Amino acid sequence: RSPIGDATLPVTVVEPAQLTADYDLVLLSCKAYDLDDAIQAVKPAMQRPGTTLLPLLNGLAHYAALDAAFGRDAVLGGL
């Protein structure tokens, strides 16, 4: 709901085994202790050049691991 208009958007749930390399944006939100597993889980979706990852995690420590896994240019700043 928004003062400028409400939106209802369809959501498609994708299991890890169904991930392909055809995403523009990957939204990543997990607990810090699950970061390594989450990185492995989304790797198939991050294979296409130009795909971007938006992490929504607490702190800044996760950026080193995400940059190492996907490249700095593919990781956006999020909080």
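How many helices and strands are there in the protein? The predicted model contains two helices and two strands, where helices (H or I, at least four residues) and strands (E, at least two) are DSSP runs numbered from the N terminus. Their order along the sequence follows the pattern β-α-β-α. Residues are numbered from 1 along each chain as its sequence is written. In this predicted model, local features need pLDDT of at least 70 and side-chain atom pairs count only at pLDDT 80 or more, while totals for chains, interfaces and linings use all residues; side-chain values use heavy atoms, with hydrogens and water left out.

The C-alpha atoms fill a box of roughly 40 × 30 × 25 Å along the principal axes. The protein has 79 residues, of which 27% count as buried. Buried means under 20% relative accessible area, exposed over 50%, and partly exposed in between (1.4 Å probe, protein chains only).

Strand β1 spans residues 25-28, and its side chains alternate. V26 and L28 point to one face and are buried. Strand β2 (residues 52-55) pairs with β1 in the parallel sense over four bridges; pairing requires at least two DSSP bridges between two strands. L27 stands opposite L54 in β2. The bridge partner of L28 is P55. Between β1 and β2 the chain passes through helix α1 (residues 35-42), and this β-α-β crossover is right-handed. That is, with the strands pointing away from the viewer, the path from the first strand over the helix to the second runs clockwise.

L28 lies in β1. This residue counts as buried because its relative accessibility is 4%.

The largest nonpolar core has 16 residues; L28, V42, M46, L53, L66 and F70 touch the most other members. Such a core is a set of buried Ala, Val, Leu, Ile, Met, Phe, Trp, Tyr and Cys residues joined through side-chain atoms within 4.5 Å. At least two residues of this core come from each of β1, α1 and α2 (62-70). Helix α1 gives the largest share, four residues.

Pockets were then examined. The largest has a volume of about 200 Å³. A pocket is an open set of points on a 1 Å grid over the protein atoms alone, with protein on both sides within 12 Å along at least five of seven lines; lining residues have an atom within 4 Å of a point. The lining comprises S29, C30, K31, A32, L35, L56, L57, N58, A61 and H62. By class, six are nonpolar, three polar and one charged. Ala, Val, Leu, Ile, Met, Phe, Trp, Tyr, Cys and Pro count as nonpolar, Asp, Glu, Lys and Arg as charged, and the others, Gly among them, as polar.

The second largest pocket has a volume of about 160 Å³. V14, L19, Y23, L25, V26, L27, V42 and A45 line this pocket. Its lining has eight nonpolar, no polar and no charged residues. Strand β1 provides the largest share, three residues.

Conventions: 1 Å grid on protein atoms, 1.4 Å probe; cavity = no way out; pocket = protein on both sides within 12 Å on 5 of 7 lines; lining within 4 Å. Points joined across faces, edges and corners; volume = space filled by probe spheres on them.
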